[in-house]
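Here is a short briefing for a first look. Take in the sequence and the structure, then read the points below.

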Amino acid sequence: MPFARLASATTPTCHIGLGLAAVGRPGYINLGRDEDLGDDRSAETLRTRTHELLDAAYAQGVRYFDAARSYGRSEEFLADWLNTRPGLDDIVVGSKWGYTYTADWSTDAETHEVKDHTLATYERQRAESDALLGDRLDLYQIHSVTPDSPALTDKELHAKLAEAAAHGLTIGFSTSGPAQGDAIRAALAVTVDGEPLFRTAQSTYNALETSAAPALAEAHDAGLTVIVKEAMANGRLAGPYAPDVLKEVAEETGLGCDAVALAVVLRQPWAGVVLSGAATTNQLASNLHAAVVDLDDDQLTRLDALAEEPQAYWERRGQLPWH
């Protein structure tokens with residue numbers, strides 16, 4: 001397991017990772033992108049921004065970096081950064097397959113990504129990821145598994161994934177949607193030759209969407225590394241958009257709403273790595289303060305009240321525009 005590399009890390013921020021969804025492509029559904037990115041979203045501008053974020057993250061103790069085939073040119077930007085640092089052996093690199101980026105570097109594309117969990121897509125995208133990341137790729141995840149995903153039942157695909165695992169690649173999955181718990185439990189049941197196929201689970205969990213917690217605890221107990229994505233709820237928990245109670249608790253701690261929101265996730269005993277989706281180095285620095293936030297029982301009780309019904313949460317997420 002490449003995540004064993006994080007076990008020896010001693011920095012408080014080693015359990016915070018950097019996700020590249022927000023900076024690998026010009027359009028995304030996070031709130032506040034106009035302020036974060038401005039008008040110049042050329043590939044070279046976002047490449048430079050990504051490298052600055054990677055430099056800042058590494059310097060501040062972050063050791064897990066997360067990309068995907070559908071995050072525009074995120075793998076390419078990450079590969080460029082890694083190629084200038086051949087001796088960097090204390091990090092973990094993850095990517096995902098299963099969505100194809102189709103926006104052609106536009107923010108107003110009718111369709112930004114297309115989902116396909118077939119074996120043919122895996123083989124095509126695996127070759128694309130290998131061409132960029134080569135042996136720097138530690139973890140390859142099925143992107144956004146839902147309970148009806150064919151990836152959960154395709155035995156031929158499972159055999160190919162197990163073959164990749166036998167050659168040293170860690171195999172994982174991510175989940176999305178209101179039935180994340182069902183998807184996680186279905187994935188935990190997938191075996192090849194009697195052995196569990198998946199070694200990591202990446203799911204959405206935040207102060208507004210807590211429904212996956214029991215299943216993520218089960219995944220952790222089964223020996224999987226749990227990675228938490230969208231801990232900021234696509235910007236809904238960031239300062240300008242945060243609920244009043246989060247703003248109040250943040251003021252009490254003297255830190256930002258983002259740090260408090262991430263701290264809520266970090267304190268979960270099953271959370272192995274919590275992703276920052278920062279688009280600026282200032283956001284990243286603020287996010288990393290989560291590692292030192294200390295919340296008391298009263299504050300946690302008040303924050304617990306923010307949880308929404310999963311269906312309502314995902315319906316609202318589905319209505320967020322691509323900026």
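Buried means under 20% relative accessible area, exposed means over 50%, and partly exposed lies in between (1.4 Å probe, protein chains only). Helices (H or I, at least four residues) and strands (E, at least two) are DSSP runs, numbered from the N terminus. This is a predicted model: local features need pLDDT of at least 70, side-chain atom pairs count only at pLDDT 80 or more, and totals for chains, interfaces and linings use all residues. Residues are numbered from 1 along each chain as its sequence is written, and side-chain values use heavy atoms, with hydrogens and water left out.

**Helix H6**
- Helix H6 covers residues 155-166.
- Its buried residues are Leu157, His158, Leu161 and Ala164.
- They lie on the same side of H6, because they cover an arc of only 120° around the axis (taken from the directions from the helix axis to the C-beta atoms).
- Lys155, Glu156 and Ala166 are exposed, on the face turned away from the buried side of H6.
- Gly168 follows H6 and has a positive phi, near 105°.

**Strand E1**
- Ile16 and Leu18 point one way from strand E1 (residues 16-19), Gly17 and Gly19 the other way, and all are buried.
- E1 pairs with strand E12 (residues 273-276) in the parallel sense, over three bridges (strands pair if DSSP finds at least two bridges between them).
- Ile16 has Val274 in E12 as its bridge partner.

**Ser203**
- Ser203 sits in strand E10 (residues 200-204).
- Ser203 counts as buried because its relative accessibility is 0%.

Methods: Expected span 1.5 Å × (residues − 1).
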